[in-house]
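Subject: A structure for you to look at

Hi there,

Here is the structure I promised to pass on. Please open it next to this email, and I will walk you through what turned up.

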Amino acid sequence: GHYISVDTSYEGEKAVLSSPELYSEEWSCVRLIYQIATTSEASPDPARLNLYLRHEGESFDRLLWSAKEPSDSWLIASLDLMNSTKKYKIVLEGEMGQDKSASIAVFEIKITPGYCIECDFEENHLCGFVNRWNPNVNWFVGGGNIRNSQSILPKDHTLNSELGHYMYVDSVYVKHFQEVAQLISPKTMAPMSGCLSFYYQLKQQSSIVFTVYLRDTSGFYEEIWKTDSALSADWALAEVDFDAPYPMEVIFEVAFNSAKGGYVALDDISFSPVYCSNQTGMRTPFNPAEAGCNFEEDLCNFYQDHKDGPGWSRVKVKRNVYRAGDHTTGFGYYLLANTKFTSQPEYIGRLYGPTLPGNLQFCLRFYYALYGFFKMSGTLAVYIFEENHVVQEKIWSVLDSPKGVWTQAEISFKKPMPCKVVFVSWCKSFWDCGLVALDDVSLSLGSCQAAELLLPNPGECTFEKDECMFTQKKRGRGSWHRRRGPTPTSYTGPKGDHTTGVGYYMYIEASNMVYGQRAYLVSRSLRGTSGKQCLTFFYHMYGGGTGLLSVYLKKEGDEEEIPLWRRTGEQSISWLRGLIEYESDRNYQIIFEAIRGVSMRSDTAIDDILFQAGPCLEVEEIQFSSGYPDSLNEIEY
């Protein structure tokens, strides 16, 4: 047969293979049979194979899957493609890296309607199901007219003939009590819930345990089905409700007690997006967005207990150069505990979140800022209240953090029973009572560690690892620098980044530049699309000598750049959100230009750039660009 491989004679370039335009209103599964081979030991920059989805009307390709592990045999990757009304292309990219001896080859790409966890075992790739090898008991392919075992079945279930195939486990080689054979499905790549069904046969002389588990990425097993001991000499149908809000594998496990245990056969695994038993009705899947809040409109689904008194107040700070505003936009609302109205000793403010379902893995993220504490530790803590409010568990408390900087906290948790997240601010004695601020609480399914392994959003740049899709026009003293923590000059520049408070941002160092000198940060060429695009970013312009920050659009083939957005002079001590709506049907670049102002106190910074297809859903708060508003330093409660 034939395969396609990356030509290695071009160094440092990427090989790109693109599909014709595809369209699938139904859920489908992409199966890729590939191999990455190398003779060298671990290379710092290994060869990679990436698979992207290129949607019509989007400037960025979405990375669906990436592999760099070398292997001496062909491997299979199975990727779920959710149904979509947009046309798309699948793009394969081979990167050779620095490894001279590497080769990347693809043997087959197949897109089939249906889900990747479905299988009838008629094709030799077994849909990407793998047997976890065990010296004595394993899953084998049966049928296809091969008389290969004494436990052979006359017919499979799919074709109902001796030519069809199925999977089976036989006890004849069992050496030890309770040895298990595991058949592992491909990992689900998109959230799915519904009914998993399969056909099985069991023949036993002594007890067989046949179990189906879900396993998440952290290795946690959850049993979802087990055989009752009834014999089934013919194919029996099993159906089980199945929820995979984050990546999961389905594991079919058989354990025997003796070598005369008999056998188990399995065929025709299928999935339907409707739950099996209609009596339960459609369970509405839990929407984690309902458990988050940016406090711009109200407290969302959070509430306070009136017994505690008004612990947390929703406040807004006008733009000023002394006190930071909120984290969401720099102009909006956040929560403040221990305000001047409530700070008395032994005071506790509790903020309760909505009820969360049990037995799901969650990742909680929020931003907090502390002002004026002598002793930081313990002033803000997060508890989990189990539904009966009897059990309280402290899962996080603040240790020490830079004062007045919005800092991100991340906590993973999983509880068997329904529970609530509670934010507790505690003021021990009058002298300790500073201010505790809270904003942008969000909850996602899956652990925080798993979320970090997820593929990055292609149109987003937080500058945490590198400069993403941006490059400098020229590097030198008068250019943008990537930095973490405060800038070297006092009374100008941010104290920390916007992403986490302790990460990286880009800024110009005014003390290395002269008045009026310009620094350019230029995106790579982005794909033109019809329709509006929305660019959001955060900018920091604090310092008495601050100059200009401008954003331009440069279309391919044009000499002139189109100005999209501009701010002049000192704006705030906070990170402020900028929003730009633009369109370009030709390929284009986005340029951030900073101009140094009259003095050294002119460190301008940007962070958290995000490109999104479609018009902006909000409008920007300030329309004018220069100087101060009146009443610069009022705080509204």
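Predicted model: local features only at pLDDT ≥ 70, side-chain atom pairs only at ≥ 80, totals over all residues.

The largest share comes from β16, with 4 residues. Sorted by class, the lining of the second largest pocket holds 20 nonpolar, 5 charged and 4 polar residues.

Next, the aromatic rings. How many aromatic pairs does a search of the whole structure find? The count is 40. One of them is made by Tyr200 and Trp225: the ring centres are 5.3 Å apart and the planes stand at 75°, so this pair is edge-to-face. Tyr200 belongs to strand β13 (residues 192-204) and Trp225 to strand β15 (residues 221-226), so that the pair links distant parts of the chain, 25 residues apart. Are these two residues buried or exposed? Both Tyr200 and Trp225 are buried.

A second pair to look at is Phe362 with Phe413, which is tilted, with 5.6 Å from centre to centre and 40° between the planes. Because Phe362 lies in strand β22 (residues 361-371) and Phe413 in strand β25 (residues 407-414), this pair ties together parts that are 51 residues apart in sequence. Phe362 and Phe413 are buried as well.

Tyr200 and Trp225 also turn up in an aromatic cluster, together with Trp139, Phe198, Phe210 and Phe252. Elsewhere, two arginines lie over ring faces: Arg314 over Tyr333, at 4.0 Å from the ring centre, and Arg323 over Tyr371, at 4.9 Å from the ring centre.

Finally, have a look at strand β33 (residues 529-541), which is mostly covered, with 10 of its 13 residues buried. Which strands does β33 pair with? With strand β36 (residues 576-584), β33 runs antiparallel and is joined by 8 bridges; here Leu535 stands opposite Ile580. With strand β38 (residues 604-613), the pairing is also antiparallel, over 8 bridges, and Cys534 has Gln612 as its bridge partner. As a general point for reading such strands, side chains in a regular strand alternate between the two faces of the sheet.

Enjoy exploring!

Best wishes

Conventions
Residues numbered from 1 in each chain as written. Heavy atoms only, no water. Phe/Tyr/Trp six-rings, centres within 6.5 Å; stacked < 30°, edge-to-face > 60°. Helix = DSSP H or I, 4+ residues; strand = E, 2+ residues; numbered from the N terminus. Buried < 20%, exposed > 50% of the residue type's maximum accessible area, 1.4 Å probe, protein only. Lys NZ or Arg CZ within 6 Å of the ring centre and 35° of its normal. Pairing = 2+ DSSP bridges. Nonpolar A, V, L, I, M, F, W, Y, C, P; charged D, E, K, R; others polar.
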